[in-house]
Amino acid sequence: LLSEGSRIPVTMECSMLLQIEIDARHWTVKANLWIPQNFNKPGEVGAPPKRGKIDDVKDHLHRASSLRDRIWFGETEKSKWVLDGESQLAQMINMAESWFKKHNDIINYDSRRNGKLRLPLSKLHTIVEEVNRIPLNLGNPS
């Protein structure tokens, strides 16, 4: 139906909505690869099938908002249209950004200027445990 509707030289709202829904479904399938099972249940979070790179997940969230912008409904209807997995990806990004903010002084430490950084082993274990709870590939700090 969609391919037949796209060949008609008239803008048809039904075919446009169908295309948006198909794109949203593809978006959700990709997002679900990055979301661990039981993500909303603390203590029961499993590893995601694939740890997405933080930049890729941010780009994917941006695509969700561009999908939302394609809908011609009013702003209140647009804001209510949330894709499956969108809030979980946003929460994962917030977890990563708060971890970076919390440990910014250690991540951006310059040993050439300030000498060696000496941290207790227990502090390092705590930092590693915190970052391992974030179901994203945070990549190399730069």
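Modeller: Happy to! Helix 3 passes helix 5 in a left-handed crossing, meaning that the near helix is turned anticlockwise from the far one by less than a right angle (clockwise would be right-handed). Helices here are DSSP runs of H or I with at least four residues, strands are runs of E with at least two, and both are numbered from the N terminus. This is a predicted model, in which local features need pLDDT of at least 70 and side-chain atom pairs count only at pLDDT 80 or more, while totals for chains, interfaces and linings use all residues. Residues are numbered from 1 along each chain as its sequence is written, and side-chain values use heavy atoms, with hydrogens and water left out.

Helix 3 covers residues 54-69, and its axis lies 10 Å from that of helix 5 at an angle of about 140 degrees. Axes are lines fitted to C-alpha atoms, for helices over the stretch in contact, and angles run from 0 to 180 degrees between N-to-C directions. The two helices are therefore oblique to each other, since angles under 35 degrees count as roughly parallel, over 145 as roughly antiparallel, 65 to 115 as roughly perpendicular and the rest as oblique.

On the helix 3 side, the contact (heavy atoms within 4.5 Å) is made by Ile54, Val57, Lys58, His60, Leu61, Ala64 and Arg68. Helix 5 brings Glu86, Leu89, Ala90, Ile93, Ala96, Glu97 and Phe100. By class, that gives nine nonpolar, one polar and four charged residues; Ala, Val, Leu, Ile, Met, Phe, Trp, Tyr, Cys and Pro count as nonpolar, Asp, Glu, Lys and Arg as charged, and the others, Gly among them, as polar.

Helix 5 (residues 86-102) also packs with helix 2 (residues 13-34), at about 40 degrees and with axes 10 Å apart. That pair is oblique too, and its crossing is left-handed. Trp27, Ala31 and Trp34 of helix 2 meet Glu86, Leu89 and Met92 of helix 5, which makes five nonpolar, no polar and one charged residues.

Glu86 takes part in the contact with helix 3 and in the contact with helix 2. Beyond neighbours within four places in sequence, Glu86 touches Trp27, Leu61, Ala64 and Arg68. Glu86 is buried, at 12% relative accessible area; buried means under 20%, exposed over 50%, and partly exposed in between (1.4 Å probe, protein chains only).
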